[in-house]
Amino acid sequence: MNDPQIGWIAAIIVGGLAGWLAEMFMKTGTGILMNITLGIVGAALANFLLGLLGVSLGGGWIGYLVTGFVGACVIIFAWRAIRGGR
């Protein structure tokens, strides 16, 4: 989230929303702090992975929300694969 138009408070809100959507989609039982972490870290991870493929979702709130959701789902999937899933 390098865009100066999106501040830290907005990043936390969008990250929390993206993490919450990923939690609902992947059916996990994480709390609000973990949702925010998943959304923000997931956005960074997905932005990196999509950058390797040459895909850009653009900036702004919707782009960050989609990127955070995709990244959070990837993190949850990887964690389940490592731990054996549930």
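This is a predicted model: local features need pLDDT of at least 70, side-chain atom pairs count only at pLDDT 80 or more; totals for chains, interfaces and linings use all residues.
Me: Which aromatic pairs turn up in the whole structure?

Reply: The search finds one. Planes over 60 degrees apart count as edge-to-face. The ring centres of phenylalanine 25 and phenylalanine 69 are 5.7 Å apart with planes at 65°, so this pair is edge-to-face. The two partners are 44 residues apart, which makes this a link between distant parts of the chain: phenylalanine 25 belongs to helix H1 (residues 8–26) and phenylalanine 69 to helix H3 (residues 60–83).

Me: Okay, what about helix packing?

Reply: For two packed helices, you quote the angle between their axes and the distance between those axes. Take H1 and H2: their axes come within 6 Å and cross at roughly 100°. H1 is therefore roughly perpendicular to H2. On the H1 side, the contact residues include Gly15, Gly16, Gly19 and Trp20, while H2 brings Asn35, Ile36, Gly39 and Ile40. Sorted by class, that contact has six nonpolar, five polar and one charged residues.

Me: And threonine 28, is that one buried or exposed?

Reply: Apply the under-20% cut-off: threonine 28 has a relative accessible area of 16%, so this residue is buried. You'll find threonine 28 in the loop between H1 and helix H2 (32–53). Setting aside neighbours within four places in sequence, threonine 28 touches Glu23, Ile76 and Arg80.

Key
Residues are numbered from 1 along each chain as its sequence is written. Side-chain values use heavy atoms; hydrogens and water are left out. Rings of Phe, Tyr and Trp (its six-membered ring) pair if their centres lie within 6.5 Å; planes under 30 degrees apart count as stacked, over 60 as edge-to-face and the rest as tilted. Helices (H or I, at least four residues) and strands (E, at least two) are DSSP runs, numbered from the N terminus. Buried means under 20% relative accessible area, exposed over 50%, partly exposed in between (1.4 Å probe, protein chains only). Contact means heavy atoms within 4.5 Å. Axes are lines fitted to C-alpha atoms, for helices over the stretch in contact, and angles run from 0 to 180 degrees between N-to-C directions. Angles under 35 degrees count as roughly parallel, over 145 as roughly antiparallel, 65 to 115 as roughly perpendicular and the rest as oblique. Ala, Val, Leu, Ile, Met, Phe, Trp, Tyr, Cys and Pro count as nonpolar, Asp, Glu, Lys and Arg as charged, and the others, Gly among them, as polar.
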